[in-house]
Amino acid sequence: MKKTISLIILLLIPSIEAVGVTPSSIDLNFKQNLKQDIPLTFFATNNNKNIDLAISGDLARYVQLNVNSIVNEGTVIASISLPESLESGTHFINIHGREQI
């Protein structure tokens, strides 16, 4: 039984795929009318894969990306342009990368 389990694990390892991003998170303190460009590097573990990018979160409308997708690996610029005021509390902007299947 042990040999069979080992063989199955070895066969599954090459098929694992993922998308990574650096930096994985950034914390910003709110400043009125803040404008800031943030470079994010996305990469796929499987070569020649298209990575689709998307933005979500309650402040998503204040962010624009310089591209909507990349192939395999690349740097994306997230341009943040915050408003004059926000409600108190913690707010989020999520930038997602997903491999096209």
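**Contacts, sheets and a pocket**

Modeller: Among contacts between residues at least 6 apart in sequence, 62% join residues at least 24 apart. Keep in mind that this is a predicted model.

Colleague: How many helices and strands are in the protein?

Modeller: The protein has 1 helix and 7 strands.

Colleague: On to the sheets. Which order do the strands take in the open sheet of 4 strands?

Modeller: The order is β1-β2-β6-β4, and the pairing is antiparallel. β1 (19-22) and β4 stand at the edges with a single partner strand each, so one side of each has no neighbour in the sheet. On average, neighbouring strands of this sheet are turned by 30 degrees against each other, direction ignored.

Colleague: What holds strands of a sheet together in general?

Modeller: Strands of a sheet pair through backbone hydrogen bonds, either parallel or antiparallel.

Colleague: Back to this one: how many bridges join β4 to β6?

Modeller: There are 3 bridges between β4 and β6, which run antiparallel. To find the place on screen, look for Leu65, which stands opposite Ala78 in β6.

Colleague: And the open sheet of 3 strands, what is its order?

Modeller: That sheet runs β5-β3-β7, again with antiparallel pairing. β5 (69-71) and β7 (94-99) are its edge strands, each pairing on one side only. The twist from one strand to the next averages 25 degrees.

Colleague: How many bridges are there between β3 and β7?

Modeller: Strand β3 (residues 50-56) pairs with β7 over 6 bridges, in the antiparallel sense. Ser56 stands opposite Asn94 in β7.

Colleague: Why does Asn72 count as buried?

Modeller: Buried means under 20% relative accessible area. Asn72 has 18% relative accessibility, so Asn72 counts as buried.

Colleague: What is Asn72 in contact with, leaving aside neighbours within four places in sequence?

Modeller: Asn72 contacts Phe42, Phe43, Ala44, Asn46, Asn47, Asn48, Lys49 and Ile51.

Colleague: And Val67, where is that?

Modeller: Val67 is in the loop between β4 (63-65) and β5. Not counting residues up to four places away in sequence, Val67 touches Leu53 and Val76. The C-alpha atoms of Val67 and Leu53 are separated by 8.0 Å, and the two residues are 14 residues apart along the chain.

Colleague: Which elements give two or more residues to the lining of the largest pocket?

Modeller: Those elements are β2 (35-44), β6 (73-81) and β7. The largest share of the lining comes from β2, with 3 residues.

Methods
Residues are numbered from 1 along each chain as its sequence is written. This is a predicted model: local features need pLDDT of at least 70, side-chain atom pairs count only at pLDDT 80 or more; totals for chains, interfaces and linings use all residues. Side-chain values use heavy atoms; hydrogens and water are left out. Contact means heavy atoms within 4.5 Å. Two strands pair if DSSP finds at least two bridges between them. Axes are lines fitted to C-alpha atoms, for helices over the stretch in contact, and angles run from 0 to 180 degrees between N-to-C directions. Buried means under 20% relative accessible area, exposed over 50%, partly exposed in between (1.4 Å probe, protein chains only).
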